[in-house]
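This briefing concerns pairs of oppositely charged side chains. Please view the sequence and the structure below before reading on.

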Amino acid sequence: MKKLFLALLFVTSSTLLVEAQTFDFKIDHFALVVEDSDVSADFYANILKLEETPHPDLKPGFRWFVVSGNSQIHLIEKEFAPFEKNKSMHLCLSTQDLDGMIAHLEENNIPYWDWPGKENAVTLRTDGVRQIYLQDPDKYWIEINTAKH
C-alpha cells in the first residue's frame, strides 16, 4: 500500500510540474506572400513607417521590416493560390498616435475602415481601445489600434 501511495504521489507531482511549464513565447515574425515585394515594401516603409532590415542571405524577393524590438514582418514574393482576404484574418499593430496615423493615411489617399465596414471611420471598442482597418497592396487586412502593451 505504501508503494502505491508513493507511486501516486510521484505521478501527481510530475503532472503538476509539466502543467506549470511555460515557453515564454515572443512573436518573431509574421510572413506574407506578396505579388511584388518592391510595391509591398514601399507601403510598409512609407505608409506604415516601418524600418527595413536586410534579409540575411540578401535574396531578391524577400523584404523584412522591424515592427518592435525583434518582431518583424517578412514579405515574400512568390506565386500562390489566390484566396479571399477576410478582415477577421489580419495583422494588428498598436500605436498611441492613431490620430497622427489617420492624418498620414489621409495625406497619402489610403482608405481605412471601422470594424463594421464604414469608410474613414474609427471603431471604439467597449474596453476603450480605438481601431481602424486598412489594406496593403496585396489586400491583406491590417488593424491599427491604441491598445497599450
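The points that follow describe the salt bridges of this structure and the exposure of their partners.

The model is predicted, so local features need pLDDT of at least 70 and side-chain atom pairs count only at pLDDT 80 or more, while totals for chains, interfaces and linings use all residues. Residues are numbered from 1 along each chain as its sequence is written, and side-chain values use heavy atoms, with hydrogens and water left out. Side chains of opposite charge can pair when their charged atoms come close.

**Overview**
- The structure holds 6 salt bridges; a salt bridge is a side-chain nitrogen of Lys or Arg within 4 Å of a carboxyl oxygen of Asp or Glu.

**An exposed pair**
- Lys26 and Asp24 form a salt bridge, with their closest N and O atoms 2.8 Å apart.
- Lys26 is exposed at 63% relative accessible area, and Asp24 is exposed at 58% (buried means under 20%, exposed over 50%, partly exposed in between; 1.4 Å probe, protein chains only).

- Arg130 and Asp99 meet in a salt bridge of 2.9 Å, N to O.
- This pair links strand S7 (residues 130-135), which holds Arg130, to helix H3 (residues 98-107), which holds Asp99, across 31 residues; helices (H or I, at least four residues) and strands (E, at least two) are DSSP runs, numbered from the N terminus.
- Arg130 is partly exposed at 26%, as is Asp99 at 49%.
- Glu143 forms a salt bridge with Arg125, the closest N and O atoms lying 4.0 Å apart.
- Glu143 is buried at 5% relative accessibility, whereas Arg125 is partly exposed at 30%.
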